[in-house]
There are 2 protein chains.
Amino acid sequence: MATDLPNILVMGPPLIFPDFQSQYSHSYNFLTFFASSLPLPQYLSSLNILPSSIRAILCNNMQRVPADLLRSLPSLALLVTTTMGTDHIDMPECRRLGVRVATAGGSFSEDVADFALGLLIDVLMRISAANRCAKKWLRSELPRNIPPASRVGGKRVGIVGLGKIGTEVAKRLEPFGCKIMYTSRTKKSSVPYPFYGSAVEVAAESDVLVVCCSLTEETHHIVDRAVMEALGKEGVIVNVGRGSLIDEKELVRRLVSGEIGGAGLDVFQNEPLVPCELLSLDNVVLSPHAAAVTSESFHHIMELVAATLHAFFENKPSLTPVMQD
Amino acid sequence: MATDLPNILVMGPPLIFPDFQSQYSHSYNFLTFFASSLPLPQYLSSLNILPSSIRAILCNNMQRVPADLLRSLPSLALLVTTTMGTDHIDMPECRRLGVRVATAGGSFSEDVADFALGLLIDVLMRISAANRCAKKWLRSELPRNIPPASRVGGKRVGIVGLGKIGTEVAKRLEPFGCKIMYTSRTKKSSVPYPFYGSAVEVAAESDVLVVCCSLTEETHHIVDRAVMEALGKEGVIVNVGRGSLIDEKELVRRLVSGEIGGAGLDVFQNEPLVPCELLSLDNVVLSPHAAAVTSESFHHIMELVAATLHAFFENKPSLTPVMQD
């Protein structure tokens with residue numbers, strides 16, 4: 001299957017990859033490694049492809065890109081991820097090897113913020129629970145057997161990470177009459193919201209925490225036992241960042257025992273595993289890492305990917321967000 | 001069971017009625033007619049209560065208050081409904097008989113607007129569908145078998161009825177980057193959104209219709225076949241007004257056949273009956289008339305009810321919204 005076209009190693013396929021593949025199959029030879037159960041060296045030799053022929057990888061957060069894989073491809077120069085985050089990639093190793101990493105940049109920020117609002121309203125106002133309840137809505141069953149809904153207006157919402165997504169979340173919360181506050185690496189002089197130096201401090205003043213920072217060594221389990229304790233037993237947590245931002249085991253324990261009010265979770269610590277204890281709770285809304293999965297964002301990101309690959313193989317400057325660090 | 005306390009005929013119990021009843025049982029004799037299967041005359045005589053001893057009714061939208069019932073209570077002077085709408089009450093007859101009708105006024109507007117946003121985001125971004133899907137989120141099942149989500153940003157949203165709720169909906173939609181337009185009885189000079197003279201005209205320019213006008217003879221089936229046709233097959237309808245604002249049979253037909261994109265429905269034509277065809281559709285979010293059912297709004301409304309009853313029986317001016325028309 002060796003061709004004259006540049007080989008692209010596809011490690012994690014974007015949702016609309018089949019369309020993308022057929023559209024660009026005249027330009028690239030896509031190696032669908034994600035569909036194989038072989039280790040990479042055997043996979044490549046089964047196709048009679050030399051590791052040194054691979055200069056670019058296309059990946060997403062469903063598959064890790066570790067140091068040994070990066071080192072096994074001596075000509076690798078570009079890694080394109082269809083995600084905003086890079087926590088699935090060994091970034092220090094990319095830096096050492098001089099591999100450029102192109103991300104989706106802020107392409108998803110607004111969708112993810114919209115989704116965060118959707119989860120927040122859903123958990124507080126019990127929309128998913130109401131949706132299930134509608135099935136058995138018979139007069140005789142009233143009053144409805146779901147936990148009481150709570151008003152969005154007036155809630156104190158603490159944003160953990162006031163980056164692109166967090167800023168969009170804050171903007172959307174304002175007309176709901178929420179009191180917005182945040183914690184972030186640094187205090188932002190451009191926003192009017194109160195800044196707190198740590199997650200535990202912002203949690204102590206909040207009814208709802210919206211977690212939307214990126215996952216780094218520093219932010220791993222940024223929402224831990226102490227933060228949940230500070231948030232209190234009526235508190236609600238919305239997570240549209242990454243699963244490992246939260247001590248999931250502790251969160252699950254508290255949700256089950258009623259030591260926390262509710263949660264809207266789009267991300268989990270061991271995706272695609274969702275803690276099964278959460279599946280039957282009416283104060284929990286779960287979603288399979290879908291916040292950014294709109295038709296519009298995927299078409300946009302695939303255009304970005306195409307532009308990035310084109311620029312790279314034509315030696316043109318890239319128009320898309322590239323992280324060099 | 002005749003007492004010296006004023007009799008209050010309770011036709012539809014508010015969700016937190018038991019609390020209310022125990023709190024005010026020293027002031028009023030609550031006749032829990034809603035729990036009886038007898039017709040009103042027999043119910044009253046079974047309690048040895050004269051119809052002429054009843055001066056006030058407490059009701060909600062779960063039970064109609066027809067002319068013959070109103071006429072059977074010769075001393076009736078006050079009807080308190082815990083709802084914003086009065087479509088369950090024979091208002092012309094109340095007017096003729098000089099019965100004052102006290103409503104919840106705007107108490108629920110913000111909650112209902114919040115809920116409308118929740119339904120809108122949920123339907124467009126498939127949150128309820130994602131929530132169901134999370135249960136079977138195993139790697140092997142990706143790509144996820146749910147209809148593609150759609151971005152909220154940039155959507156053209158037509159509001160049907162720019163009253164208290166509609167105005168709150170518009171305010172909340174702005175930071176999402178939606179293009180807002182409306183139809184209403186009259187053009188409002190105070191808002192910047194384009195006005196359309198009819199539901200069909202606003203539908204023709206919209207991706208999403210949010211229906212939040214009150215139900216009157218003029219607005220019955222305001223969203224009819226022609227409006228759905230104009231909205232188009234990708235269009236989404238959110239209804240937080242009343243079920244009969246929409247030709248439900250036509251809507252169900254279109255949802256099932258794919259002639260409309262999706263719906264978020266908190267209200268139905270024949271509550272508590274929910275059309276069973278809708279229960280399995282991933283592009284439909286249903287809720288059992290729960291938009292206003294937050295703990296906060298119910299406590300507030302019960303305070304309003306108490307104040308209204310107190311003012312009435314003490315012959316004081318009412319502090320709560322009362323419709324005289």
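This dialogue reads the interface of chain B and chain A, then a sheet in chain A, in a predicted model.

Visitor: What are the ground rules?

Guide: Residues are numbered from 1 along each chain as its sequence is written, and chains are lettered from A in the order in which they are written. Local features need pLDDT of at least 70, side-chain atom pairs count only at pLDDT 80 or more, totals for chains, interfaces and linings use all residues, and side-chain values use heavy atoms, without hydrogens and water.

Visitor: How many residues does the contact take from each chain?

Guide: Contact means heavy atoms within 4.5 Å. Chain B gives 55 residues and chain A gives 55 residues.

Visitor: What area do chain B and chain A bury between them?

Guide: Buried area is the accessible area (1.4 Å probe) that two parts lose on being put together, summed over both. Here it is about 4900 Å², with 62% on carbon and sulfur atoms.

Visitor: How many salt bridges does the rule find across the interface?

Guide: A salt bridge puts a side-chain nitrogen of Lys or Arg within 4 Å of a carboxyl oxygen of Asp or Glu. The rule finds 4 across this interface. One salt bridge joins the side chains of B:D111 and A:R151, at 2.9 Å, N to O.

Visitor: Which strands make up the open sheet in chain A?

Guide: Strands are DSSP runs of E, at least two residues, numbered from the N terminus. Two strands pair if DSSP finds at least two bridges between them. The order of the 7 strands is β8-β7-β6-β9-β10-β11-β12, with parallel pairing. Its edge strands are β8 (195–196) and β12 (284–286) of chain A.

Visitor: Where does A:I159 stand?

Guide: Opposite A:V210 in β9(A). Strands β6 (156–160) and β9 (208–211) of chain A pair over 4 bridges.
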